[in-house]
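Look at the model as a whole before turning to its parts.

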Amino acid sequence: MSLFCFLWMPLFYLFWRSLSKPETEGSGGIWALILGSVAAFVQFLLGSFVSPGAFGFSRWLSACIDIVTLPAVLPLVVCRFLSRRRSVGRILSGAPNYAHFALLWLIPVSAIRAVSWSAQNNPALLVLTPILWTAIAVGIPVFMKGTVRILRVLVMVVLPFLAATAYWAFFAQRTVLGFLLLGVTLIPMGISVIGSFYRSCVHS
């Protein structure tokens, strides 16, 4: 399971890159890896920000802040910030590709987490969490433009917390609820993958 956590993100990034030409090239990709490494190392040094309880609200809050939501949303926020700040220079060449930036950011994050979580041997951490990170990193950018504003805001706000709730459900051994929430969480990513595959076929 540790190997899955270690390899999932770079392999998915290569798969995603094959579907769509990344617009975040060059220094943008390098910055994604550097900043992701810094964020992962800082979190490793600081440890958990929330002390999780058994299966209640504190466990869900820990999933949001320490495990699922914040680690996957942070690269999207940073990419948005860099794309809007001319003062930091042209770090992102051209229009920002949020999914590519976030996936690259999460490669060192998943590597460090694979090491730090290996002793627990918990499938919710080592298998489910990288998948949920990917669902957020790839699913949210689909709704950043070109969709109904209410739907866009709803998905961008709800999806990260839905992913954390799916993790909580599996951790609490509420398997049916967990699979249901996981399926809903993966829908935006599925839309993005199908759309990218279709565009790659059209332009090939």
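Angles between axes under 35 degrees count as roughly parallel, over 145 as roughly antiparallel, 65 to 115 as roughly perpendicular, and the rest as oblique. Axes are lines fitted to C-alpha atoms, for helices over the stretch in contact, and the angles run from 0 to 180 degrees between N-to-C directions.

This is a predicted model, in which local features need pLDDT of at least 70, side-chain atom pairs count only at pLDDT 80 or more, and totals for chains, interfaces and linings use all residues. Residues are numbered from 1 along each chain as its sequence is written, and side-chain values use heavy atoms, with hydrogens and water left out.

The protein has eight helices and zero strands. Helices (H or I, at least four residues) and strands (E, at least two) are DSSP runs, numbered from the N terminus.

Take helix α3 (residues 57–67) and helix α7 (residues 149–171), whose axes are 9 Å apart and pack at an angle of about 125 degrees. α3 and α7 are therefore oblique to each other. On the α3 side, the contact (heavy atoms within 4.5 Å) is made by Arg59, Trp60, Ala63, Cys64 and Ile67. On the α7 side, Phe161, Ala164, Thr165, Tyr167, Trp168 and Phe171 take part. By class, this contact of α3 with α7 has nine nonpolar, one polar and one charged residues. Here Ala, Val, Leu, Ile, Met, Phe, Trp, Tyr, Cys and Pro count as nonpolar, Asp, Glu, Lys and Arg as charged, and the others, Gly among them, as polar.

How do the axes of helix α5 (residues 98–117) and helix α6 (residues 123–139) cross, and at roughly what angle? They come within 10 Å and cross at roughly 165 degrees. α5 and α6 are therefore roughly antiparallel to each other. The contact includes Leu103, Leu106 and Trp117 of α5, and Leu125, Trp133 and Val138 of α6. The residues of this contact of α5 with α6 divide into 12 nonpolar, three polar and one charged.

Now turn to a single residue. Ser192 lies in helix α8 (residues 175–203). Ser192 has a relative accessible area of 8% and is therefore buried, where buried means under 20%, exposed over 50%, and partly exposed in between (1.4 Å probe, protein chains only). Not counting residues up to four places away in sequence, Ser192 touches Trp16, Val138 and Val142. Of the 204 residues of the protein, 46% count as buried.
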